[in-house]
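I am opening a notebook on this structure.

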Amino acid sequence: MKKAFLNLYNHGFARVAVGVPECRVADPAFNVAQTLALARQAAADGAVLVAFPELGLSAYTCDDLFHQEALLDACTRALGELVQASETLDLIMVVGLPLRVNHALFNCAAVVGAGRVHGIVPKSYLPNYAEFYEARQFSAADCATVDSVRLLGADVPFGASLLFDVPGIPHFKFHVEICEDVWVPIPPSSFAALAGATVLLNLSASNIVIGKSAYRHQLVSQQSARCLAAYLYSSAGKGESTTDMAWDGQALIYENGERLAESERFSDASHLIYADIDVERLSRERMHQTTFAQSARRHREEVGRFRVVTCDVPVDTTHDLPLRRSVKRFPYVPDDVRGREARCREVYNIQVTALVQRLASSNLSKVVIGVSGGLDSTHALLVCAQAMDRLGLPRTNILGVTMPGFATSDRTLAQARRLMQVVGCSASEVDIRPSCLQMLKDLGHPFVNGEAQYDITFENVQAGERTNHLFRLANYSGAIVIGTGDLSELALGWCTYGVGDHMSHYSVNASVPKTLISHLVRWAADTLEGDADGAQVLREIVDTDISPELVPGAQAGKIEQKTESVIGPYELQDFNLYHVLRFGFRPSKVAFLALSAWGDKAAGSWPADMAGQPRDYSLADIKKNLGIFLFRFFKISQFKRSCVPNAPKVGTGGSLSPRGDWRAPSDSEASVWLADLENIPDKT
């Protein structure tokens, strides 16, 4: 059966929901009706699982009514209604109820789906302090003497150490804990995650007091991050008794420390929140972080207690079910202004600190840098300026050189001159055309005879001459050459082997992608107070077309050689780089994510104050540029990355240093990635 490309379940995602139904105290018939209404809505919206609050079928605030047989019987009947209804609902419901087991009463979560109860999970930790007195009515999970119960005519697994596997969704295995369980020093879900659970559920009631909402966020965020898991949290809402407490109905969904969804608090109506959990990414993160497996080994006794229960729930992968999740168009760049400012400041501090240390350890006080008037060299020059300031050295210790060649535009040359003046470095200008002509003459190249043969040799003679000048100037001046090439260029192999964008004494930009560098330069312009000319030239540089300026165009002094016309738009290639390098996703998933972020009517984020307008890319555009990226990244560029100079790692998005994040053979094939690419349709 053919799978739909636009179905999120075919790309490692699972849609989950948390429901907060209106309730009535000690009225299971009303409560189950409210629960079922939300469950049907969740199923219609494509969710595979929905979690509800603690003791939701009875209400949490029943107090000693929990010891009334009539109420307990009514809760069991309500559970039976859920089981019957689940026969026609393609999702799993996890609901809370009180349950009698061997003369003890337990605060439980029931996992219901496909016409049966798959398991019952009792609460492990009963709070008996402040406003909580659960130990008065309930027994804790470790008081149980059985591992299964007879319920609604069937034997049902019972215990706190149950894992529920959904075989139709790879990597989707969930665990349930109840309220206080996550507030203790070592929650049961910690061991469940080590045992294989990627999705953790907390059925909570949780009354509201000042400051508690913020603490829930911290608690859930940190538990999901520590466990490299998704965490679904529910709490009771309208209808619980307000005799001594109030309720806000807060629901949360986090994934590896990141908030994906949150409900409106203090709502007067039943409500649902959804999130599309990337369970494949969670599995990948655990594989990448090898200490996760070490921790599982260290706690193998606790991990070994878990039993796996299979939950067969039909998952339709043949129809479109687009991703309901914001995918960042610029994964290296925060969307919000405050976050972006903090990111830019942090990146500068990392790069400057690294360069300061390199100069101090080398016992040198001068640097040489080629200044082209483009983005990369601009940012590197700004880093050098701050390094000199930190060292208490004059900025004239920066030996900036601009080296116009056969295709240098009037715009970039003017920008280079103005930039060096604004920074206050020692500025010089070397016309490389005479020395390049001599080299071309020595090679017997047709260009010296007036032929317009602009081949790779013609380009690299210019690049090589610039590099040769920089290194010899560094020798002569007792300085080191600062590299300007960035992460995006290294990924695509868009650098000439052994020359300035590849080789240097120290490379400050090597782990900074092009999209982030443009924001760094723009941020620098915004922070220049009292220097209107400096801010203006930085903004002009950001707005300049990216070009190597090695091949002359039809109009002298104009930029006609456009980098992105050859290797694709950097905004899209940086997106591809992030998801391939950081997570190792297959091309089809990267394309699905790109379409979700960049496609027409996509929900992908676009910073509100970012210059320019968001561009849309069709699936054919995405596939074409992803093909360029895959071939260049996996097939033809690794030999350049195997011998890059020292450079500081800047972000968690990864670097391509052979001494750090990326170690790969220089002669591998790209066939498996390109084969997966071919499975992507050209359009949806």
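**Ground rules.** I note that this is a predicted model, in which local features need pLDDT of at least 70, side-chain atom pairs count only at pLDDT 80 or more, and totals for chains, interfaces and linings use all residues. Residues are numbered from 1 along each chain as its sequence is written, and side-chain values use heavy atoms, with hydrogens and water left out. Helices (H or I, at least four residues) and strands (E, at least two) are DSSP runs, numbered from the N terminus.

**Entry 1: strand β10.** I asked which way the residues of β10 point. Val199, Leu201 and Leu203 point one way, Leu200 and Asn202 the other, and all are buried (under 20% relative accessible area; exposed is over 50%, partly exposed in between, with a 1.4 Å probe and protein chains only). In a regular strand the side chains alternate between the two faces of the sheet. Because 5 of the 5 residues of β10 (residues 199-203) are buried, the strand is largely enclosed by the rest of the structure.

I then looked up its partners; two strands pair if DSSP finds at least two bridges between them. Strand β9 (residues 173-178) runs parallel to β10 and is joined to it by 5 bridges, with Val176 bridged to Leu201. On β11 (residues 230-234), also parallel to β10, I found 5 bridges, and Val199 stands opposite Ala230 there. From β10 the chain passes through helix α4 (residues 212-226) to β11 in a right-handed β-α-β crossover (with the strands pointing away from the viewer, the path from the first strand over the helix to the second runs clockwise).

**Entry 2: an open sheet.** I traced 5 strands in the order β18-β17-β16-β19-β20, with parallel pairing. β18 (426-429) and β20 (506-507) are at the edges with a single partner strand each, so one side of each has no neighbour in the sheet. Strands β16 (residues 367-370) and β19 (residues 480-483) share 2 bridges, and Val367 is opposite Ile480.

**Entry 3: helix α18.** How many residues of α18 are buried? I found 12 of the 12, so the helix is largely enclosed by the rest of the structure. Its cover includes β1 (13-20), β14 (271-278) and α19 (619-636), among others (contact means heavy atoms within 4.5 Å). I also checked its span: at 1.5 Å a residue, the 12 residues of α18 (residues 587-598) should span 16 Å (1.5 Å times one less than the number of residues). The end C-alpha atoms are 16 Å apart, which agrees.
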